[in-house]
Protein chains: 2
Amino acid sequence: MSADLSPLSLAERHRDTLDQALETIRTRAYWSPYPEHPKAYGDAEEGRAAFEALLGGRFPFASEQPGTDGWTGGEQSPYGIELGVQYPHPDPDVLLPAMRAAMPAWRDAGPEARAMVCLEILARINARTHEFAHAVMHTSGQAFTMAFQAGGPHAQDRGLEAVAYAYAEQVRTPGSAEWVKPQGKRDPLGLHKAFTAVPRGIGLVIGCNTFPTWNGYPGLFASLATGNAVLVKPHPRAVLPLAMTVAAARDVLAEAGFSPDLVCLAVDRPGEGLAKTLAVRPEVRIVDYTGSTAFGDWLEANARQAQVFTEKAGVNTVVVDSTDDYRGMLGNLAFSLSLYSGQMCTTPQNLLIPRGGIGTESGPRTYDEVVADLAAAVDKLLGDDARANALLGALVNPDVKARLEAAPGMGEVALASRAVAHPDFPDAVVRTPALVRLDTAKPDAEAALMAECFGPVAFAVAVDSTDAAIRLLGRTIREQGAMTVGGYTTSPEVERQLVEVCQEECAQLSLNLTGGVYVNQTAAFSDFHGSGGNPAANAALCDAAFVASRFRTVEVRRPA
Amino acid sequence: MSADLSPLSLAERHRDTLDQALETIRTRAYWSPYPEHPKAYGDAEEGRAAFEALLGGRFPFASEQPGTDGWTGGEQSPYGIELGVQYPHPDPDVLLPAMRAAMPAWRDAGPEARAMVCLEILARINARTHEFAHAVMHTSGQAFTMAFQAGGPHAQDRGLEAVAYAYAEQVRTPGSAEWVKPQGKRDPLGLHKAFTAVPRGIGLVIGCNTFPTWNGYPGLFASLATGNAVLVKPHPRAVLPLAMTVAAARDVLAEAGFSPDLVCLAVDRPGEGLAKTLAVRPEVRIVDYTGSTAFGDWLEANARQAQVFTEKAGVNTVVVDSTDDYRGMLGNLAFSLSLYSGQMCTTPQNLLIPRGGIGTESGPRTYDEVVADLAAAVDKLLGDDARANALLGALVNPDVKARLEAAPGMGEVALASRAVAHPDFPDAVVRTPALVRLDTAKPDAEAALMAECFGPVAFAVAVDSTDAAIRLLGRTIREQGAMTVGGYTTSPEVERQLVEVCQEECAQLSLNLTGGVYVNQTAAFSDFHGSGGNPAANAALCDAAFVASRFRTVEVRRPA
């Protein structure tokens, strides 16, 4: 692709989109410039063909990265096919200085030019959404539709949102100011002051297996838009979507007259642990990470030369007190547990249900009834294999499968997981979620409740009362962290207590969702993903704190 | 003092001031609501009497702090008098939970009410500026006028600036939003979303000896305005101004219907190291610190449960290449070196002068001439003892005196320090600055150059060339950090290089100051104090990054 990427032309194409994004992060209303439906994106088969053309060879970069000391890669699709793509393995002693050398011109371009280039990168990615959907599907195991939406327009939304926050933050201080201080009868003091947003250094983005683009774009675009170079270190099992992203960024940067080395890719050799090496390099001044708590904590403790933004593990809770739409609640919960086989950081894990039952619009339901009805709702939702495949996707890796297989040992199984055959991919590991009964009165419940069991396992937890549920919710957020909290209640007092505990422990709360919005989904420009205030994450996507420390302001004062 | 502190009354009194502050942090023009001249503050003798009434007894809090397990204190004025004030020593196991318990009501009050209460606190402090001036003078050793201005209105400016940034940041997200997502022919999805700024926890402010209020207020007010409780742990030698501040805050909070325990004081027993204990308490989620690099680094490494904002040591450089106002330059530098005996974190230390001399409007000057002329300028500035006392103040503590006395051993003395007698305080240790010649060609220069020598010692450093000076400047910022950089040049190319190195290494640059503005002074609302991007400080006073992570936003979503 080639186009006029002069500053004027870029601004003409993208300034309105940026302005709308700036407006929407203020109103938090619904908006997206990137359509969700595949029909908006031209020929699906072309996208598939472009994806397939990438398989089984060296990933084609238009311009070679500096410091490439060999090629590596070994992605295996959760759907069973071998991707066979090879990516550059970096020599950091060559690559990082080359990236640093590219920064001054990018810094001097200023916040608006950087934002426009970022929006052009996103536009190029958006135009290839079909191709990205296949790449995300075959690395994350997401079903195609989800890979298309969450890996495509929704991820692009999160990238654009980060650009908007970054731009807004940089232009809050003017480029220059005249400062005139009265001195009574004497002449006033006068200074001319110039302010420049300067980057920190190199931003390292450490990608995850499940949402390589959705979780990777905010950090990537926030760092790039604030003048930093960005080195992307994908999860070894989910390289392709980020390699495509890096290539798109490099193309646009080069065409716009900047060094493509402002965005580079770094891929591990098997077992190498490259992220650990890169994260503590002095050139790396920002780290964005999504993944395990253990490595997130390691980064926070060791990458001390950098600003470290982490999204780690958490235990998400739903408190079920009462509802005036029992069927809607069950359907909504069943969907939340099933979507992408529960492999979202936002999927509920612990459903806290009073042992004495709950109130509904048609009278009380016992704990046993609620559990049985929920199990039935999941069963019904996933009863048809085609629909089950479209919702569940595949298990992302053998660890998830192992956890699922261990679930029956954790309590009494209310709903067993079953294998679903995939019509196109016989080796895909597709499983429905397991629902396991726990009771806080029993000694073995605590260990299961108070640890993340990532994957398609949910616990229907019998608790003494709604009060006890809310106390347990608070302790769970405080000790384990939570990306999401759900609550169902018709009682204003219970609602007040749920809000209070979420404000006290800093977690995002969804109340009484019974329709087509699910606790595990957050919309860019409107919802905050994570709070940054509990152990599940030290940052939220996206807010000013996520961008404000990625750059600094240098002032030059001269006599007026 | 008692007044109507209803929300309406507070808004009437302070909303315009907040709006003007919000406007000024955008324009960076000159503004302050707090006059600088003592005449604006009523009876000077009343202020002195109020200060003297505090001496020699227990500090009078209107309401007792919880968890006080005894009283402690032992401040000795740098002017030689014993303050003899006793302050509460805390039992953290009682005090911290009491502070936490005060937070929900403060959180629920919302950003505007909190800002108004903070402005009322600042107004009360402002009205007592005379009294504060004496307290700052007799703890920091600043001369009265400086203690009055820097410890009074300028500190209040920095507090107000932090409130403005905090307010702006919290209200960027609306209190609520209606989110409506179209679904083609189906009904749109609709959610009502409520957003609440929630505090982190307790903010710990660890004060410094030299600028207890100026350096303490930004963190104190930023944390308080974002809904946190604030525990102030002053430097053991500079407690009184912060105790007065805490008392004023407690009074206003109580009168406005909040718990006074939102702001508390914690004072060390001698040698106790209370800051270390408090900084790692789980309740403490924010730390603001000004002081040594060693303890700042310790806090950053160990107070991992908290957001840590530090201002540490640095080595400030002035590059002298050329000037078209030689006399103005000498006068400006002489003043900068003399003000508060060089005991500002912004005072220049290394004056880099090409060995071959510099250009001036009346022809070249050799290195020797520049050094001799600068020495003469300092001598002339401080020739009169009354004027010297008014500029210098007293040495803040014996460490500074010891460093000054060791200075002659570091190189050839170009200007010896002399003792100045103080007419009112015979025991005050008042000293003029020493100017010591170093030469980068000699092996002993490196160690002296590359370490902070805090106090009235400056080095006139002979360097190979302006190019060499700029390279040394870059290395000094990178390795040692810098709060300020100065430069004198008539060459556009040298100016460009100075700007480039300061942008690259992230330091604040003042060029060609020859009049009544000095490199060591930064004005609130307009200048950034520190950059947060080099080793001297991890934060700047004040920007969005200084406030944005002090609170988090909790969202509650409900079906519309």
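A:Trp179 is buried, at 6% relative accessible area, where buried means under 20%, exposed over 50% and partly exposed in between, with a 1.4 Å probe and protein chains only. Before I go on, this is a predicted model, in which local features need pLDDT of at least 70 and side-chain atom pairs count only at pLDDT 80 or more, while totals for chains, interfaces and linings use all residues. Residues are numbered from 1 along each chain as its sequence is written, chains are lettered from A and ligands numbered from 1 in the order in which they are written, and side-chain values use heavy atoms, with hydrogens and water left out.

Aromatic pairs, then. Rings of Phe, Tyr and Trp, the last by its six-membered ring, pair if their centres lie within 6.5 Å; planes under 30 degrees apart are stacked, over 60 edge-to-face, and the rest tilted. That gives 30 aromatic pairs over all chains. One of them is A:Trp179 with B:Tyr30, which is edge-to-face because the planes stand at 80°, with the centres 5.9 Å apart. Why does this pair join two chains? A:Trp179 lies in strand E3 of chain A, residues 176–183, and B:Tyr30 lies in the loop between helix H1 (7–27) and helix H2 (44–54) of chain B, so the pair joins two chains. Helices (H or I, at least four residues) and strands (E, at least two) are DSSP runs, numbered from the N terminus. B:Tyr30 is partly exposed, with a relative accessible area of 29%.

B:Tyr217 and B:Phe221 make another edge-to-face pair, 5.6 Å centre to centre with 80° between the planes. Both residues lie in helix H8 of chain B, residues 212–225, and are 4 residues apart, about one turn of the helix. B:Tyr217 is buried at 0% relative accessible area, and B:Phe221 is buried at 0% as well. In chain A, ring pairs link A:Tyr41, A:Phe144 and A:Phe148 into a cluster.

Next, charges over rings: NZ of Lys or CZ of Arg within 6 Å of the ring centre and within 35 degrees of the ring normal. A:Arg550 lies over the face of A:Phe309, 4.1 Å from the ring centre. B:Arg250 lies over the face of B:Phe61, at 5.8 Å.

A:Cys118 is buried at 0% relative accessible area. For A:Cys345, the nearest is that of A:Cys208, at 7.8 Å, and A:Cys345 counts as buried at 18%.

Now the interface. Contact, meaning heavy atoms within 4.5 Å, takes 78 residues from chain B and 78 residues from chain A. The two chains bury about 5,900 Å² between them, 47% of it on carbon and sulfur atoms; this is the accessible area (1.4 Å probe) that two parts lose on being put together, summed over both. On the chain B side, B:Arg172, B:Gln503 and B:Arg557 lose the most area to chain A, together 13% of what that side buries. Between the chains there are 18 salt bridges, each a side-chain nitrogen of Lys or Arg within 4 Å of a carboxyl oxygen of Asp or Glu.

Notes:
Disulfide = S-S within 2.5 Å.
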